[in-house]
Amino acid sequence: MDDLIINFAPTGMVPTKEHTPHVPITASEIVDDVLAAYDLGAGIAHLHTRDALTGAPEVNPDTFAAIIEGIRRHAPDLVICVSLSGRNVTDPELRAAPLELAGALKPDMGSLTLSSLNFVQQASVNSPSRIQFLARRMHDRGIMPELEVFDLGMINYLTYMRSRAMLTAPFYCNVLLGNIAGLQASATEWGEVDAVMPPDVIWAAAGIGAAQTPAVSLAVALGRHVRVGLEDNIWLDRARATLATNRQLVERVVQLAELAERAPMPPVKIRELLGLAPGNERYGRAGDGQEARK
């Protein structure tokens, strides 16, 4: 698997315009950054929505629809993942709302964090019942989970869910390194992940803050894939002297890939690898249904 999947995470839930003027907040800003990353070689876009006036994170299917429509108008093959995060939303139906988008607005993937965890100042609560609810809803909608792992226990839960057919192949996973209460971007902890990750799981590494460059460098060098963007890190350097742009972060990954003689994997190949049909429909899954959002 020489080609490199670049999963682009432009916004996230934390960075605001007060932190960095470069983080895209409005739908048009997010679309512009995603299309620029696509031109550089990104094959997946991991999307969050924000309130356009306050910049606060929100779950708004209408905003997701505007972003997806803007992306697909120019990059119809790009794999689109919507965030179903539990950091600021407790109602599972509200978390699942973006999954009801239909037709050309339907996402290919939805994020699924495989346990609760703590960040520096905030918890992300993901009870077993909510994880399983979101997994069922994605299965019913023909949408692929983008599994998110922050510690080894979450890999254990991945194995548990697949053994009970709550998750079905193929599997794609982001391993996030550098969170204060989780795995770190060290060779030792990388080796632990590699040792326990099921061999048929396609996985990418992401690094939070200063861990971003070490994490993506390990991934590029060791044959895995990457997630990169201002969602995870707003700085270009360890000294925190220069604020990064999304373009700069993607360009750095592309440069690392060139040194490793790995080309960015085109979206059409990612779709083939993950079993995602060209028309935003997972192979062998349910259609939009009458209940789908129009």
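Strand E1 (residues 6-8) and strand E2 run parallel and are joined by two bridges. Strands are DSSP runs of E of at least two residues, helices are runs of H or I of at least four residues, and both are numbered from the N terminus. Two strands count as paired if DSSP finds at least two bridges between them. The model is predicted, so local features need pLDDT of at least 70 and side-chain atom pairs count only at pLDDT 80 or more, whereas totals for chains, interfaces and linings use all residues. Residues are numbered from 1 along each chain as its sequence is written, and side-chain values use heavy atoms, with hydrogens and water left out.

Buried means under 20% relative accessible area, exposed means over 50%, and partly exposed lies in between (1.4 Å probe, protein chains only).

These strands belong to a barrel. Eight strands close into it with parallel pairing, in the order E1-E2-E5-E6-E9-E10-E11-E12. On average, neighbouring strands of this sheet are turned by 30° against each other, direction ignored. In general, strands of a sheet pair through backbone hydrogen bonds, either parallel or antiparallel.

Helix H4 (residues 128-141) lies across strands E6 (109-113) and E9 (144-149), and runs at about 165° to E6. Axes are lines fitted to C-alpha atoms, for helices over the stretch in contact, and angles run from 0 to 180 degrees between N-to-C directions. Contact means heavy atoms within 4.5 Å.

Helix H2 (residues 61-74) contains Arg-72, and Thr-63 is also found in H2. Arg-72 is buried, with a relative accessible area of 9%; Thr-63, at 16% relative accessibility, counts as buried too. Leaving aside residues up to four places away in sequence, Thr-63 touches Thr-49 and Glu-58. Arg-72 and Glu-192 are 120 residues apart in sequence, and their C-alpha atoms are 38 Å apart in space.

In helix H9 (residues 267-274), the buried residues are Pro-267, Ile-270, Arg-271 and Leu-274. They lie on the same side of H9 because they cover an arc of only 100° around the axis, the arc being that of the directions from the helix axis to the C-beta atoms. The exposed residues Val-268 and Glu-272 are on the face of H9 turned away from its buried side. Gly-275 follows H9 and has a positive phi, near 75°.

The structure holds zero disulfides, a disulfide being a pair of cysteine sulfur atoms within 2.5 Å. The sulfur of Cys-81 is too far for a bond because the closest cysteine sulfur, in Cys-173, is 12 Å away. Cys-81 is buried at 0% relative accessibility, and Cys-173 is buried with a relative accessible area of 0%.

The mean pLDDT of the chain is 93, and 94% of its residues reach 70 or more. Over residues 283-294 the pLDDT is below 50, and this stretch has 30 contacts in the model beyond near neighbours in sequence. pLDDT is the predictor's confidence in each residue, from 0 to 100.
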